[in-house]
Amino acid sequence: MQLKEKLLQAGVGIREEQVLDTPEALLCYGYDATRQMSQPQLALLAETTAQVAAAMDLAHQLHIPVFPRGAGSGMSGGSIPTGTGMVISLTRMKQILELDLDNLLVTVEPGVITGDLQEEVARYGLMYPPDPASLAFSTIGGNVAENAGGPRAVKYGVTGNYVRGLEVVLPDGSIINTGNKCVKSVSGYDLTHLFVGSEGTLGIITKILLRLVPAPAVTHTLLLAFAEMEKAALAITDMVRQHLIPSTTEFLDHHSINAIRESLPFTLPPEARTLLLVEVDGDEESVQRESSAIQKLVEASTVMMLTASEKDERDVLWQARRSLSPAIAKIAPDKLNEDIAVPRSAIPAVLARIEAIAREVDLPIVCFGHAGDGNIHVNIMLDKSDARQAAMGEKAVKDIFAATIELGGTLSGEHGIGNTKSDFFPLEWSPATIAAMRSIKRAFDPDNILNPGKIFPS
Ligand SMILES: Cc1cc2nc3c(=O)[nH]c(=O)nc-3n(C[C@H](O)[C@H](O)[C@H](O)COP(=O)(O)OP(=O)(O)OC[C@H]3O[C@@H](n4cnc5c(N)ncnc54)[C@H](O)[C@@H]3O)c2cc1C
């Protein structure tokens with residue numbers, strides 16, 4: 001009997017329209033934001049935990065690889081089917097199951113869109129802080145599997161800091177629960193956080209318990225322009241030293257500024273070579289105090305400073321950051337983008353190393369990102385159809401990773417390893433560390449059927 005028939009007869013209410021097996025339907029389940037494309041043999045649009053468990057059980061018995069999938073917005077190939085197998089899409093499991101206002105917790109299914117959850121809890125004066133730029137379309141399940149972060153990570157942390165518990169279908173089809181609603185809980189291994197960031201390789205997340213925080217009453221935005229990157233880097237360190245922790249500190253380098261300068265709704269002085277977009281949030285009094293302290297701190301080192309409190313005015317300042325991705329696309333037809341992270345104090349050093357690499361490979365490398373938490377989006381701009389540029393682009397990636405690790409950094413701050421960075425994994429981790437990670441994978445998935453080909457070097 002074919003896999004499709006077995007799924008339909010599994011006794012868990014799977015209907016024919018939930019099982020896709022035609023090439024045209026499967027087109028939508030074999031891509032992600034890396035532009036890779038690989039078709040699975042079948043895709044199940046799961047609607048319940050029981051359906052996920054039954055499908056996983058079948059795959060286990062038949063030794064069929066399974067690829068969990070959220071919105072497919074991943075930037076490291078995590079949801080790409082490597083070879084034949086079954087995609088299990090979680091996007092139909094999109095209920096907000098319980099909003100527990102007494103404990104400031106929310107229980108959701110994995111297919112809930114991050115932005116939808118944020119909007120829903122905002123109605124109660126609450127905030128779910130993790131804010132990946134993809135929040136309008138990425139799913140909470142995908143965010144947990146990638147431990148997604150965003151601009152607010154500098155003050156509020158990343159997805160993993162908000163996950164209190166999970167329901168997970170293991171590779172043999174069994175269902176486990178981890179964590180609980182208690183503020184304190186040290187009963188046994190912290191399995192919850194073993195699944196956070198596991199990129200769909202240890203289990204399929206079918207329910208998520210998340211912590212919420214009271215929404216800040218006021219947000220103030222500052223756009224700071226510097227003539228030298230070093231001064232911007234110093235401003236960030238000075239803020240931290242003075243215990244001023246903005247909710248956001250985004251930075252744009254001179255390539256980024258050149259790409260957006262003409263389209264901005266305000267004029268930047270010609271000498272501006274680095275921008276910082278800083279936000280502080282909290283109650284009225286603390287925001288006023290912190291914002292004034294930051295302005296005083298950077299007064300002498302900036303060539304321009306703009307401030308905004310109202311949402312419309314703040315949106316105008318954010319245009320600098322939001323218009324960036326489409327704007328840099330004009331620099332070259334293709335880009336190789338990485339999301340390295342370094343300790344905050346190493347930002348100037350890593351940017352200097354990247355500039356030197358750019359000169360050596362003779363390609364523009366655009367850097368922007370979350371300066372407040374050391375996570376830098378590095379975009380090597382090139383034309384892949386040009387053999388020299390393609391080879392130089394690959395060399396630049398290798399050299400940037402090597403420089404990052406040398407400076408105490410990591411291959412990925414947000415996007416994960418997937419299948420795009422797996423061959424670089426040994427740069428960061430020793431053979432013994434990789435062996436320890438592999439033994440965890442083997443303990444959960446001895447037959448290597450769940451998302452094979454991800455994270456570990458081939
Ligand atoms: C324009 C754009 C901006 C982005 N900005 C950010 C950003 O600011 N910060 C950031 O961190 N990322 C960002 N990303 C990357 C991406 O959106 C995140 O990694 C996101 O968490 C992926 O969610 P998804 O639902 O699309 O998951 P998918 O891409 O479908 O899957 C991602 C991984 O999670 C696994 N997975 C998905 N659902 C489950 C589940 N229920 N159980 C187990 N495993 C699962 C998949 O197997 C895969 O390994 C951006 C992407 C785009 C395209």
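How far apart do the C-alpha centres of domain 2 and domain 3 lie? In this predicted model, the C-alpha centres of these two domains are separated by 30 Å. Five residues of domain 2 and six residues of domain 3 take part in the contact. On the side of domain 2 that touches domain 3, three residues are nonpolar and two are charged, with no polar residues. The protein as a whole is divided into four parts: domain 1 (3-89), domain 2 (96-214), domain 3 (218-326) and domain 4 (332-422).

Two helix pairs were then considered. Two packed helices are described by the angle between their axes and the distance between the axes. For helix α8 (residues 229-241) and helix α10 (residues 284-298), the packing angle is about 135 degrees and the axes are 10 Å apart. Helix α8 is therefore oblique to α10. The crossing of α8 with α10 is right-handed. The residues that meet are Ala-235, Asp-238 and Met-239 from α8 and Ile-294, Leu-297 and Val-298 from α10. This contact of α8 with α10 contains five nonpolar residues and one charged residue, and no polar ones.

Helix α13 (residues 347-361) and helix α14 (residues 387-406) form the other pair, with an angle of about 160 degrees and axes 10 Å apart. Angles over 145 degrees count as roughly antiparallel, and α13 and α14 are therefore assigned to that class. The crossing of α13 and α14 is right-handed. Helix α13 contributes Val-350, Arg-353, Ile-354, Ile-357 and Val-361 to the contact, while α14 contributes Met-392, Lys-395, Ala-396, Asp-399, Ile-400, Ala-403 and Thr-404. Classified by residue type, the contact of α13 with α14 has eight nonpolar, one polar and three charged residues.

Notes. Residues numbered from 1 in each chain as written. Predicted model: local features only at pLDDT ≥ 70, side-chain atom pairs only at ≥ 80, totals over all residues. Axes fitted to C-alpha atoms, helices over the stretch in contact; angles between N-to-C directions. Helix = DSSP H or I, 4+ residues; strand = E, 2+ residues; numbered from the N terminus. Parallel < 35°, antiparallel > 145°, perpendicular 65-115°, else oblique. Left-handed = near helix turned anticlockwise from the far one by under 90°. Contact = placed C-beta atoms within 7 Å. Nonpolar A, V, L, I, M, F, W, Y, C, P; charged D, E, K, R; others polar. Domains from an automatic or database assignment.
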